Amino acid sequence: MVKLGTSVLTGGTDKLDKAHMVELVRQCCELKKQGHQVVLVSSGAVAAGREQLLKPCGRSLIDKQMLAAIGQGQLIHIWQSLFALYGVNVGQMLLTRADVDDRERYLNARDTLTALLSYDVVPIINENDAVATAEIKVGDNDNLSALVAILANADKLLLLTDQEGLFTSDPRTDVNAQLIDEVAHIDDELRQLAGGSGTSLGTGGMATKLQAADIARRAGVEVIIAKGAGKNVILNCMGEQLPGTRFVKLTAPRDGRKKWLLAGPKSSGQIVIDDGAVNALQQQGASLLAKGVRGVRGQFERGDLIDLVTSDQQLVARGLVRFSKAEIDIIKGCHSSEIAKLLAFDCGSEVIHRDDLVLF
């Protein structure tokens with residue numbers, strides 16, 4: 001999977017760099033000749049719309065939605081024309097957060113993606129910015145590419161940007177910044193190295209790329225952040241001498257439903273658990289019981305996706321909760337045999353069953 005940011009597609013200008021887009025297409029088609037399947041997550045709809053409009057336009061949500069509506073057709077037309085030079089068909093998929101949150105829509109999107117690849121078509125994916133609002137947006141195409149990488153069961157995700165990779169500090173302001181070749185563990189110190197949006201044209205920065213890398217690698221996807229303007233960057237990312245920063249993939253859940261928990265709905269709240277519950281979840285493959293719950297944060301209902309955290313806010317797991325926030329407030333710290341009496345109904349002994357839970 002190849003994610004192309006706006007800065008890569010425009011070369012830092014206010015127009016799409018079609019000459020560079022041809023070069024990127026050439027590399028993708030070369031990968032296909034080598035037997036790889038290729039999926040593109042393409043930014044650039046708003047930039048394409050701004051180029052087509054030929055008049056000044058604001059940067060509010062409604063202005064961006066309007067520009068995306070103008071530019072989305074233009075963008076896919078360009079991709080279609082360029083891939084046609086190599087005899088390759090493309091298919092467009094526009095997604096929002098709602099398409100990933102809902103299990104049925106998630107599976108439908110996965111089936112469409114699988115069908116496109118089976119017919120040797122290159123899927124070109126973007127967030128549906130023309131209709132997406134703050135509530136249903138994934139937020140940026142970095143995180144979208146991570147979710148789609150899980151959808152597509154991808155082996156590798158290339159996040160191409162205007163930087164060579166992740167550095168020890170901001171290379172734009174620190175001449176002594178060093179490129180980090182490989183990341184095996186993402187911690188708070190590493191997150192502090194990431195800043196905000198890299199350019200005024202894009203919506204993402206190194207911070208969103210780090211978020212995307214963390215999501216994708218937990219699903220067994222190797223992630224590489226590299227400079228999109230580099231010579232043969234896509235082809236080089238498939239070799240042993242990788243450009244940029246490589247994020248080592250982790251062991252992925254085998255169950256497709258658990259992969260959906262990684263890619264799918266946003267967390268509605270948090271359950272704070274004690275050390276005994278942490279050990280039971282991580283070492284014994286156990287479910288979360290009420291006895292191990294120490295506190296509840298946020299508002300949620302039965303069936304919502306919840307983060308399980310320690311008292312110092314370390315994320316342990318994520319899962320579908322079987323009780324509401326109000327109910328867990330009543331039963332927290334209690335033995336499972338007391339739940340029915342405390343709530344006046346029997347909904348099972350597990351707060352989150354292990355089949356509905358994915359460990360972090």
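The side chain of His353 reaches the backbone nitrogen of Asp355 at 3.0 Å, a polar contact in the sense of a pair of N or O atoms within 3.5 Å, where within protein one must be able to donate a hydrogen and the other to accept it, and where residues adjacent in sequence count only if both atoms are side-chain atoms. The model is predicted, and local features need pLDDT of at least 70, side-chain atom pairs count only at pLDDT 80 or more, and totals for chains, interfaces and linings use all residues. Residues are numbered from 1 along each chain as its sequence is written, and side-chain values use heavy atoms, with hydrogens and water left out.

His353 is placed in the loop between β14 (350–352) and β15; helices (H or I, at least four residues) and strands (E, at least two) are DSSP runs numbered from the N terminus. With a relative accessible area of 18%, His353 is buried (buried means under 20% relative accessible area, exposed over 50%, and partly exposed in between, with a 1.4 Å probe and protein chains only). When residues up to four places away in sequence are not counted, His353 touches Ser287 and Arg322, contact being defined as heavy atoms within 4.5 Å.

Strand β15 (357–359) also takes part in the packing of helix α12, together with β9 (269–273), β10 (288–289), β12 (305–309) and β13 (315–320), against which the buried residues of the helix are set. In α12, which spans residues 275–284, these buried residues are Ala277, Val278, Ala280 and Leu281. Seen down the axis of α12, they fall within an arc of 165°, so they line one face of the helix; the arc is that of the directions from the helix axis to the C-beta atoms. In general, an α-helix has 3.6 residues a turn, so residues three or four places apart point the same way. Asp275, Gln283 and Gln284 are exposed on the other side of α12. The N-terminal end of the helix is capped by Asp274, with a side-chain oxygen 3.2 Å from the backbone nitrogen of Gly276. Just after α12, Gly285 adopts a positive phi of about 65°.

Strand β9 contains Gln270, which counts as buried at 19% relative accessibility. A polar contact of 3.2 Å joins the side chains of Gln270 and Gln313. Beyond residues up to four places away in sequence, Gln270 touches Gly295, Val296, Arg297, Phe300, Ile306, Asp307, Val309 and Gln313. Gln313 itself lies in the loop between β12 and β13 and counts as partly exposed at 39% relative accessibility. Although Gln313 is not a glycine, its phi is positive, at about 70°. Most residues other than glycine have a negative phi.

A positive phi in a residue other than glycine is also found at Asn153, where the value is near 55°. Asn153 belongs to the loop between α7 (141–151) and β5 (156–161) and is exposed, with a relative accessible area of 53%. Helix α7, which Asn153 follows, is mostly covered, with eleven of its eleven residues buried. Among these buried residues are Asn141, Asp142 and Asn143, as well as Leu144, Leu147, Ile150 and Leu151.

One cavity of 30 Å³ or more is present in the structure. A cavity is a set of points, on a 1 Å grid over the protein atoms alone, where a 1.4 Å probe fits but cannot get out, and lining residues have an atom within 4 Å of a point. The largest cavity has a volume of about 30 Å³, a volume being the space filled by probe spheres set on the points, with grid points joined across faces, edges and corners. Its lining consists of Ser42, Gln72, Leu75, Ile76, Trp79, Gln92, Ile124 and Asn126. Helix α4 (61–84) and strand β4 (122–127) each supply at least two residues of this lining, and the largest share, four residues, comes from α4. By class, the lining has four nonpolar, four polar and no charged residues (Ala, Val, Leu, Ile, Met, Phe, Trp, Tyr, Cys and Pro count as nonpolar, Asp, Glu, Lys and Arg as charged, and the others, Gly among them, as polar).

Gln37 is located in the loop between α2 (18–33) and β2 (40–42) and counts as exposed at 56% relative accessibility. Gln37 and Glu182 are separated by 145 residues in sequence and by 25 Å in space, C-alpha to C-alpha.

Technical notes: On a 1 Å grid over the protein atoms alone, a cavity is a set of points where a 1.4 Å probe fits but cannot get out, and a pocket is an open set with protein on both sides within 12 Å along at least five of seven lines; lining residues have an atom within 4 Å of a point.
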